[in-house]
Amino acid sequence: MNLEKVVCNCMNVTSGRIKEAVDSGASTLEEVQEATGAGTVCGACLEDVQRLVDYFVEQRDTP
């Protein structure tokens, strides 16, 4: 996965920034939005952000 890929163009949030938010304790879309601003302007990226949150939470929580 390319962690440098911009997921939210409005706020210039990358996949890596979403991973950092999850690694720092965010577990929901809302928590990631609060930490990064992703998906808070036009909303076009919300499905992609949600998919990444789900993926990174699963990775974090799997031993």
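Lys5 is exposed, because its relative accessible area is 52% (exposed means over 50%, buried under 20% and partly exposed in between, with a 1.4 Å probe and protein chains only). Residues are numbered from 1 along each chain as its sequence is written. The model is a predicted one, in which local features need pLDDT of at least 70 and side-chain atom pairs count only at pLDDT 80 or more, while totals for chains, interfaces and linings use all residues; side-chain values use heavy atoms, with hydrogens and water left out.

Lys5 sits in the segment before β1. Helices (H or I, at least four residues) and strands (E, at least two) are DSSP runs, numbered from the N terminus. Apart from neighbours within four places in sequence, Lys5 is in contact with Val13, Thr14 and Ser15, where contact means heavy atoms within 4.5 Å. Between the C-alpha atoms of Lys5 and Arg17 there are 9.8 Å, although the two residues are 12 apart along the chain.

Which residues of α1 are buried? They are Ser15, Gly16, Ile18, Ala21 and Val22. Their cover includes β1 (6-8), β2 (13-14), α2 and α3. After α1 comes Gly25, with a positive phi near 120°.

The next topic is how the helices meet. Helix α1 (residues 15-23) and helix α2 (residues 29-36) have axes that come within 10 Å and cross at roughly 115°. Axes here are lines fitted to C-alpha atoms, for helices over the stretch in contact, and angles run from 0 to 180 degrees between N-to-C directions. α1 and α2 are therefore roughly perpendicular to each other (65 to 115 degrees; under 35 counts as roughly parallel, over 145 as roughly antiparallel and the rest as oblique). Their crossing is right-handed, which is the case when the near helix is turned clockwise from the far one by less than a right angle. On the α1 side the contact is made by Arg17, Ile18, Ala21 and Val22, and on the α2 side by Val32, Ala35 and Thr36. By class, this contact of α1 with α2 has five nonpolar, one polar and one charged residues. Ala, Val, Leu, Ile, Met, Phe, Trp, Tyr, Cys and Pro count as nonpolar, Asp, Glu, Lys and Arg as charged, and the others, Gly among them, as polar.

Is Thr36 buried or exposed? Thr36 counts as buried, because its relative accessibility is 14%. Not counting residues up to four places away in sequence, Thr36 touches Met11, Val13, Arg17 and Ala21. A polar atom of the Thr36 side chain lies 3.0 Å from the backbone nitrogen of Ala38.

The classes in the contact of α2 with α3 are five nonpolar, two polar and no charged residues.

The remaining pair is α1 and α3, whose axes come within 9 Å and cross at roughly 45°. α1 and α3 are therefore oblique to each other. The crossing of α1 and α3 is right-handed. Ser15, Ile18, Lys19 and Val22 of α1 make the contact with Val49, Leu52, Val53, Phe56, Val57 and Arg60 of α3. Seven nonpolar, one polar and two charged residues make up the contact of α1 with α3.

Methods:
A polar contact is a pair of N or O atoms within 3.5 Å; within protein, one must be able to donate a hydrogen and the other to accept it, and residues adjacent in sequence count only if both atoms are side-chain atoms.
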